[in-house]
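Please read these notes with the sequence and the coordinates open. They are meant as a colleague's comments and go point by point.

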Amino acid sequence: MDRRVFGLGALATLSLSACASGSPRFLTYNGPEVTSLVVNKSTRKLYLLHHERILKEYDVELGFAPNGTKNQRGDGRTPEGTYLIDRRNPRSRYHLSIGISYPNSQDVAKAKAAGVDPGGDIFIHGEPNLRSERKRAKKTRDWTAGCIAVKNDEIEEIYSMVNKGTLITLRP
């Protein structure tokens, strides 16, 4: 993808509305399909794309040790590479969450060669549901165990826009 695309900051018009149940947690989206997501770790940005056009841009928080790629469980790093959105969790400890298919076969092989567990359960998620965890998260810039965190209203948008099977690229 052309790096200039990410400097444009162009945002598409979204059509978001609450479901019939009235719950603000489950929105519907009637815009262009999100064909991929890109996370630029160095700029702390998440982009939702329709082919090469940016639909939405979000500020993100990362794992507590954000530099470098995830190598093993507990290292606090956010992975780098190309994955898929592989699950959706409406009952997440972090408001809502969508899962990333980390570790892939390359990550598993690398960890096995190093004699470590590659970890897993990497998500894009909202803020913690528990008040004590929310307070702790607000005190630091990068606070997750390796996930990508956004504000609760933002994960509601993302959850409505992104389908299982969507490609996600996490860049340094």
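1. Basis. This is a predicted model, in which local features need pLDDT of at least 70, side-chain atom pairs count only at pLDDT 80 or more, and totals for chains, interfaces and linings use all residues. Residues are numbered from 1 along each chain as its sequence is written, and side-chain values use heavy atoms, with hydrogens and water left out.

2. Overall content. The protein has four helices and ten strands, taken as DSSP runs numbered from the N terminus (helices H or I, at least four residues; strands E, at least two). Along the sequence the pattern reads α-β-β-β-β-β-β-β-α-β-α-β-α-β. Of its 172 residues, 45% count as buried (under 20% relative accessible area, with exposed over 50% and partly exposed in between; 1.4 Å probe, protein chains only).

3. Sheet. Eight strands form an open sheet with mixed pairing, in the order β5-β4-β3-β10-β6-β7-β8-β9; strands pair if DSSP finds at least two bridges between them. β5 (53-59) and β9 (148-149) each have a single partner strand, so one side of each is left without a neighbour in the sheet. Within the sheet, β3 (residues 36-40) and β4 (residues 45-50) run antiparallel and are joined by five bridges; Val38 has Tyr47 of β4 as its bridge partner.

4. Helix on the sheet. α4 (residues 152-161) lies across β4, β5, β6 (81-89), β7 (97-100) and β8, at about 150° to β5. Axes are lines fitted to C-alpha atoms, for helices over the stretch in contact (heavy atoms within 4.5 Å), and angles run from 0 to 180 degrees between N-to-C directions.

5. Gly119. This residue is in the loop between α2 (105-114) and β8 (122-125). Gly119 counts as buried because its relative accessibility is 8%. Leaving aside residues up to four places away in sequence, Gly119 touches Gln72, Arg73, Tyr102 and Pro103. Its C-alpha atom is separated by 9.5 Å from that of Asp107, twelve residues apart along the chain.
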